[in-house]
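Please read the points below with the structure open beside you. They are written for someone new to this kind of reading, and each point takes up one topic.

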Amino acid sequence: MKTTSSKNKNFTIRTANLTLPLVKMIVQDIVVNSREVSETRERLDYLVGGRGKGAQDDDYARELESIEQANELKSDRLDKFVNELTQLELGVAQVDEGFVDFPAVREGEAVCLCWHLSDKEVMYWHPADEDCTMRRPVDLPLIRQSGDRSLSNS
């Protein structure tokens with residue numbers, strides 16, 4: 001799933017964390033649905049690949065078609081979830097793995113605050129031209145610009 005946001009909006013740690021309840025619900029749905037769609041697609045490919053060409057109009061073929069249609073509906077729902085995140089102007093390049101990027105600025109440079117479904121809050125960042133595998137812990141410049149005095153005293 002390689003979708004990116006318009007990145008017109010910049011988040012601070014505080015504003016990113018304020019959106020997490022909604023973002024977390026959406027990302028959970030994306031991760032679950034993405035896995036289900038992928039697993040169903042693999043099973044269907046296996047089952048269809050093992051069938052002979054002559055048996056196209058039987059109950060088994062109709063059942064496979066029904067499963068395919070249900071999987072397409074799930075895939076459409078998955079696209080809607082991803083669209084919800086892009087409407088929030090979030091980066092979703094690795095969202096099916098549970099990662100979301102919040103566009104931000106750090107010392108005048110474009111960066112992404114990086115959150116994973118397993119994180120309690122936004123605690124990582126990476127340069128905008130790198131992916132989530134290169135994320136590092138938030139630092140003082142990001143904490144200061146969030147304006148949260150309690151964070152900068154930690």
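**Notes on the predicted model**

1. Tyrosine 46 counts as exposed, because its relative accessibility of 67% lies over the 50% that marks an exposed residue. This is a predicted model, and the values that follow should be read with that in mind. Tyrosine 46 belongs to helix α1, and together with Leu47 and Tyr60 it forms a nonpolar patch on the surface, where the three have about 330 Å² of accessible area together.

2. A search of the whole structure finds eight salt bridges, and some of them are taken up here. In one of the bridges, the side chains of glutamate 36 and lysine 74 meet with 2.9 Å from N to O. Glutamate 36 lies in helix α1 (residues 13-49) and lysine 74 in helix α2 (residues 59-87), so this pair ties together parts that are 38 residues apart in sequence. Glutamate 36 is partly exposed, at a relative accessible area of 30%, and lysine 74 is also partly exposed, at 24%.

3. Arginine 62 and aspartate 59 form a salt bridge in which the closest N and O atoms are 2.6 Å apart. Both residues lie in helix α2, where three residues, about one turn of the helix, separate them. Arginine 62 counts as partly exposed at 44% relative accessibility, whereas aspartate 59 is exposed, with a relative accessible area of 60%.

4. A further salt bridge joins the side chains of arginine 106 and aspartate 139, at 2.5 Å from N to O. This pair links distant parts of the chain, 33 residues apart, since arginine 106 is in strand β1 (residues 99-106) and aspartate 139 is in the loop between β4 (136-137) and α3 (140-146). Is arginine 106 buried or exposed? With a relative accessibility of 18%, arginine 106 counts as buried, because the limit for that word is under 20%. Elsewhere, salt bridges that share partners join Arg41, Asp45 and Glu68 into one network.

5. Helix α2 deserves a point of its own. It has 29 residues and reaches 42 Å from its first C-alpha to its last, which is close to the 42 Å expected at 1.5 Å a residue. Which residues of α2 are buried? They are Ala61, Leu64, Asn71, Leu78, Phe81, Val82, Leu85 and Thr86, and what covers these buried residues includes α1 and β1. Just after α2, glutamate 89 takes a positive phi of about 65 degrees.

6. The last point concerns the strands. In general, strands of a sheet pair through backbone hydrogen bonds, either parallel or antiparallel. Here four strands form an open sheet in the order β1-β2-β3-β4, with antiparallel pairing. Strands β1 and β4 stand at the edges and have a single partner strand each, so one side of each is left without a neighbour in the sheet. Within the sheet, strand β2 (residues 109-116) and strand β3 (residues 124-127) pair in the antiparallel sense over four bridges, and cysteine 112 stands opposite histidine 126 in β3.

Notes. Residues are numbered from 1 along each chain as its sequence is written. This is a predicted model: local features need pLDDT of at least 70, side-chain atom pairs count only at pLDDT 80 or more; totals for chains, interfaces and linings use all residues. Side-chain values use heavy atoms; hydrogens and water are left out. A salt bridge is a side-chain nitrogen of Lys or Arg within 4 Å of a carboxyl oxygen of Asp or Glu. Helices (H or I, at least four residues) and strands (E, at least two) are DSSP runs, numbered from the N terminus. Buried means under 20% relative accessible area, exposed over 50%, partly exposed in between (1.4 Å probe, protein chains only). Two strands pair if DSSP finds at least two bridges between them. The expected span of a helix is 1.5 Å times one less than its number of residues. Contact means heavy atoms within 4.5 Å. Patches are made of residues with over 30% relative accessible area and no salt bridge: like charges are joined within 9 Å, nonpolar side chains (Val, Leu, Ile, Met, Phe, Trp, Tyr) within 5 Å. Accessible areas come from the Shrake-Rupley method with a 1.4 Å probe; for residues, only the protein chains shown count as cover.
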